[in-house]
There are 2 protein chains.
Amino acid sequence: MQQYLTQFSHILLFEHIPQADLLRSLNCLNAQVIHFEKGNIILHQGEPARFIGIILDGSVNIISSDISGNHTLVTHLQHGNLFAETFACAELDSIPASVIAAEDSVIMLLEYKRVITGCRNGCMAHSLLVTNLMRSIARKNLRLSQKLSILSRRSTRSKLIAYLSTEKQKSGTSRFMIPYDRQELADFLCVERSAMSAELSKMKKEGIISFRKNEFELLAVHQDDGCAPPSV
Amino acid sequence: MQQYLTQFSHILLFEHIPQADLLRSLNCLNAQVIHFEKGNIILHQGEPARFIGIILDGSVNIISSDISGNHTLVTHLQHGNLFAETFACAELDSIPASVIAAEDSVIMLLEYKRVITGCRNGCMAHSLLVTNLMRSIARKNLRLSQKLSILSRRSTRSKLIAYLSTEKQKSGTSRFMIPYDRQELADFLCVERSAMSAELSKMKKEGIISFRKNEFELLAVHQDDGCAPPSV
DNA sequence: TCCGCTTTGTTGGAAAACCAACGTATTTAT
DNA sequence: ATAAATACGTTGGTTTTCCAACAAAGCGGA
């Protein structure tokens, strides 16, 4: 376990936990560190959600298969990230996807039941772990909601405005950089790149926005043509 | 506090917690029960996220205001629901929306810090509360992800197929009822009602689905034309 | 500098979604 | 039972998006 101490410092789940406490706590949680070769299955779709996974090294793919046998890559996660934590915390009888090592990887598995059951040693680290876990899930929740509010717009233009507004708000300044190139932005907004590019030009011509490369400026905001509030 | 015992039984956050324990625990958490008149502000946008709210009676609106002063109704929540739990668990410095009583309401506020700090009495209820909270957030997370995977489809048809597939999977049977009328379904999918209706007819004619009122049957599933995996 | 490669913007035709308006069926109220 | 209201399907014209193909601009290496 000692040998992974350097990795631990990059893992948000372990934030604010002193190393000594962390080691004691992981021991108390009976954390397992396992090496998986590329292509090996870490968690099988359909099994009960027991574990929270932490990628200490390597990366994994989350793959969901439907009844007809179609596989879809849900996402790819790099080292430092958690996986299946949502499934475990939701206490699902059956996880809706498999987790597969995308390359040779080192994975730590924590048993959810142990995480949430306060340990008799009353270790502080344990309770911090739960708080960190909760924060991580809650923040993911906020990101999902935000993206949802963008994708619920009907037109390319209003998706762009919704996205740029949130970026502007995040940055605090009127001019800001976005972390995507045009293709990535189009993918993020789920629209077609060239159509989006055309729309951007049109908006620039109309004086709504200005941009150069990845630096944008949102000049005027408008009445929204959004759809009904997300009733999830 | 006693007087609200009947309401408590409908609140998922309190699931599996015996009443006696619950009362003791709420006391130990210093839970406040407050009456708000219609229109009064329960939580102000911009304030630090300290509280988890529980609607014991009445209902609330979540309203977000942007810099230009546009207000948008994010959602409406009925009694029995939680609110602001995501903000609190995400430990935001500043909550991104206000919570306003939509009618005369009875609200319970729990201080997040107290909830996550194990109490010295070591009460079992306390730890159950945390588990329940976590489960609730994680499940919301799953719902959001699922909706996101539907809205990231580009065409009305593939949104319909994505939605009907998940409903089919949920129900377990090939024929299933959906909880929306046509207008609500269109709103949920963020498409136009009449266009959706037309698409449904077309799909029926092609033999992909059949339906009568709210009872649907998904006959064949197809290659997906989905977009890139959600990189949230 | 020149050449190739990638990214971004532009354009035109095809397809899809939007929108309003209307006809029909079903439900609710009187 | 009748009338009114609501929900659903259909249609035609308009707008937007998609798609493929190409042009222009930016970038890196030889």
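**Reading a two-chain predicted model**

Q: How many of the 7 residues of strand β8 in chain A are buried?

A: 6 of them are buried, so strand β8 (residues 105–111) of chain A is largely enclosed by the rest of the structure. Buried here means under 20% relative accessible area. Keep in mind that this is a predicted model.

Q: Which way do β1(A) and β8(A) run where bridges join them?

A: They run antiparallel. Strand β1 covers residues 32–36 of chain A, and 5 bridges join it to β8(A).

Q: Where do the side chains point along strand β10 of chain A?

A: They alternate between two faces. A:I209 and A:F211 point to one face and are buried.

Q: In what sense do β10(A) and β11(A) pair?

A: In the antiparallel sense, over 4 bridges.

Q: What side chain of opposite charge is nearest to B:K168?

A: That is B:E217, at 7.4 Å. A salt bridge needs the charged atoms within 4 Å. B:K168 is buried yet has no salt bridge. B:K168 sits in helix α6 (residues 156–171) of chain B. Leaving aside residues up to four places away in sequence, B:K168 touches B:T173, B:S174, B:F176 and B:L218.

Q: What rotation superposes chain B on chain A?

A: A rotation of 180°, with 0.0 Å of shift along its axis and an RMSD of 0.1 Å. The two copies are thus related as by a two-fold rotation axis. To locate the axis, look for B:N141: of the residues of chain B, its C-alpha comes closest, at 2.7 Å.

Q: How many residues of chain B are in contact with chain A?

A: 51 residues of chain B contact 51 residues of chain A. The copies meet through the same surface, because 100% of the interface residues of chain B are also interface residues in chain A. About 4,400 Å² is buried between the chains, and carbon and sulfur atoms give 65% of that area. The chains share 2 salt bridges. In one of them, B:E91 pairs with A:R135, with the closest N and O atoms 3.4 Å apart.

Q: How many helices and strands are there in chain A?

A: Chain A has 8 helices and 11 strands. Its C-alpha trace spans about 65 × 45 × 35 Å along the principal axes. Of the 232 residues of chain A, 46% count as buried. Among contacts in chain A with a separation of 6 or more, 70% join residues 24 or more positions apart.

Definitions and conventions
Residues numbered from 1 in each chain as written. Chains lettered and ligands numbered in written order. Predicted model: local features only at pLDDT ≥ 70, side-chain atom pairs only at ≥ 80, totals over all residues. Heavy atoms only, no water. Buried < 20%, exposed > 50% of the residue type's maximum accessible area, 1.4 Å probe, protein only. Lys, Arg positive; Asp, Glu negative; His and termini not counted. Contact = heavy atoms within 4.5 Å. Pairing = 2+ DSSP bridges. Least-squares fit on C-alpha atoms with pLDDT ≥ 70 in both. Buried area = accessible area lost by both parts, 1.4 Å probe.
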